[in-house]
Amino acid sequence: MNARPPTGLHHVTAIAGDPVENLRFYQGVMGLRLVKKSVNQDDPATYHLFYADGEGHPGTDLTFFPWAHAKPGTPGVGVVQETYLTVPPGTLEAWEARLLAAGARVDPIVQRFGERALPFADPHGLRLALVEGPDPFAFTPWHDGPVPAAEQVRGLHGARAPLREIAPSERFLTEVMGFERVGEEHGWVRFVLPGAPAGGAGRILDVREDPDGRRGAWGVGSVHHLAWTVADGGHQVTLRDAVARAGRRPSEVIDRFWFRSVYFMEPGGVLFELATEGPGFAVDEDPAALGERLILPPWLEPYRPRIEAVLPDLSGALPPAAAPTAAADAAVAR
Ligand code: ZN
């Protein structure tokens with residue numbers, strides 16, 4: 001019997017350059033809320049920054065490892081080429097003006113699979129597209145942000161990746177992960193997770209076969225992994241078992257504190273994660289003050305002074321109204 005499919009994207013994690021520039025763009029231009037300021041659990045001298053809607057709902061979350069001195073990523077097969085974010089219908093022109101005013105590289109508005117999309121790049125070369133859509137997101141506006149609530153990013157819509165060969169990924173996506181193949185346009189084949197309940201987030205993965213394509217490489221401006229939402233630990237274990245039976249060698253369940261994670265590569269080389277819906281970002285912070293202080297997992301807490309001493313200062317990234325972080329950080333450091 002097949003395992004129940006994930007309900008949609010949980011988060012997308014990418015590699016950024018300078019963290020101050022990253023914060024300025026995602027909070028100051030895109031109007032996403034910094035809901036968690038933590039460290040890379042495998043490299044605690046660098047940040048892990050989480051941006052989302054006003055409450056940090058799963059499915060609205062774009063996260064970054066800012067590695068200011070890393071090399072730029074190399075586009076290619078097995079690496080996500082573009083991440084889609086949903087915005088409300090009729091808002092792309094306003095977004096185009098906002099992004100151009102911020103100096104972003106913006107492509108013309110296009111029609112893809114019947115949806116209007118605005119492709120653009122962030123300051124570190126990460127390719128994104130805003131897509132107008134009515135996805136039924138669990139979404140809370142962020143009222144302290146620079147973007148009016150009626151235009152705010154609703155959440156993750158999907159992603160696209162070129163693959164050397166579609167067939168093995170198609171078998172895995174449809175037979176193990178529960179995606180459905182729904183169409184093809186300009187060489188891109190669209191896979192969609194089946195009708196998630198209301199509140200489910202981005203369910204789209206587009207892939208294109210590029211048999212002679214070079215393998216891409218991670219670096220600044222590339223997506224590191226796509227995390228798909230599983231309801232709870234039981235759902236996660238069932239899907240993990242199915243992934244293992246398909247020969248994909250999933251990791252053990254790793255406790256990320258705000259959710260639990262399993263990692264594996266789908267057959268085309270794209271790194272996937274299965275992330276549990278809970279416990280969520282409010283487990284260790286007041287929901288009103290999400291992202292204001294540096295949060296460390298308990299096992300890194302003893303090293304806080306050393307970690308804080310090496311992390312770059314983010315307090316100058318935003319005007320005071322949007323940057324309540326300095327005082328909170330100072331309070332914690334004492
Ligand atoms: Zn992740």
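In the predicted model, strand E1 (residues 9-16) runs parallel to strand E4, and six bridges join the two. Within this pairing, histidine 11 lies opposite aspartate 61 of E4, and alanine 16 is placed opposite proline 66 of E4. Strand E4 is also joined to strand E3 (residues 43-52), in this case by three bridges and in an antiparallel arrangement. Strands of a sheet may pair in either the parallel or the antiparallel sense, through backbone hydrogen bonds.

These strands belong to an open sheet of eight strands with mixed pairing, in the order E2-E3-E4-E1-E14-E17-E16-E15. The edges are formed by strand E2 (33-40) and strand E15 (254-255), each of which pairs on one side only.

Strand E4 comprises residues 61-66, and six of its six residues are buried, so the strand is largely enclosed by the rest of the structure. Side chains of a regular strand alternate between the two faces of the sheet. In E4, Asp61, Thr63 and Phe65 point one way, whereas Leu62, Phe64 and Pro66 point the other way, and all are buried.

The structure holds 14 aromatic pairs. In the pair formed by tyrosine 26 and phenylalanine 64, the ring centres are 4.5 Å apart and the planes meet at 40°, so the pair is classed as tilted. Because tyrosine 26 lies in helix H1 (residues 19-28) and phenylalanine 64 in strand E4, the pair ties together parts that are 38 residues apart in sequence. Tyrosine 26 has a relative accessible area of 0% and is therefore buried. Phenylalanine 64 likewise counts as buried, at 0% relative accessibility.

The zinc ion is coordinated by the NE2 atoms of His11 and His225 and by an OE atom of Glu273, at 1.9 to 2.0 Å. Along the chain, the donors follow the spacing H-x213-H-x47-E. Distant parts of the chain are linked in this way, with histidine 11 in strand E1 and glutamate 273 in strand E17 (residues 271-276), 262 residues apart. Histidine 11 and glutamate 273 are both buried.

Helix H4 (residues 233-245) was examined for its length and surroundings. At 1.5 Å a residue, its 13 residues should span 18 Å, and the C-alpha atoms at its ends are 18 Å apart, which agrees. At the start of H4, a side-chain oxygen of aspartate 232 comes to within 3.2 Å of the backbone nitrogen of glycine 234. The buried residues of this helix are Gly233, His235, Gln236, Leu239, Arg240, Ala242 and Val243. Their cover includes helix H3 (166-175), strand E14 (223-230), strand E16 (260-265) and strand E17. Following H4 is glycine 247, which has a positive phi near 80°.

Two further buried residues were considered. Histidine 157 is located in strand E10 (residues 155-163) and, with a relative accessible area of 2%, is buried. The side chains of histidine 157 and glutamate 115 make a polar contact at 3.2 Å. Histidine 157 is also 4.8 Å from leucine 85, C-alpha to C-alpha, although the two residues are 72 apart in sequence. Arginine 112 is located in strand E7 (residues 110-112). Its relative accessible area is 13%, and arginine 112 is therefore buried, the limit for this class being under 20%. Leaving aside residues up to four places away in sequence, arginine 112 touches Glu82, Tyr84, Ala117, Pro119, Ala129, Arg160 and Glu185.

Terms used
Residues are numbered from 1 along each chain as its sequence is written. This is a predicted model: local features need pLDDT of at least 70, side-chain atom pairs count only at pLDDT 80 or more; totals for chains, interfaces and linings use all residues. Side-chain values use heavy atoms; hydrogens and water are left out. Buried means under 20% relative accessible area, exposed over 50%, partly exposed in between (1.4 Å probe, protein chains only). Helices (H or I, at least four residues) and strands (E, at least two) are DSSP runs, numbered from the N terminus. Two strands pair if DSSP finds at least two bridges between them. Donors are N, O and S atoms within 2.8 Å of the metal (3.2 Å for Na, K and Ca); water is not among the atoms, so sites may look incomplete. The expected span of a helix is 1.5 Å times one less than its number of residues. Contact means heavy atoms within 4.5 Å. A polar contact is a pair of N or O atoms within 3.5 Å; within protein, one must be able to donate a hydrogen and the other to accept it, and residues adjacent in sequence count only if both atoms are side-chain atoms. Rings of Phe, Tyr and Trp (its six-membered ring) pair if their centres lie within 6.5 Å; planes under 30 degrees apart count as stacked, over 60 as edge-to-face and the rest as tilted.
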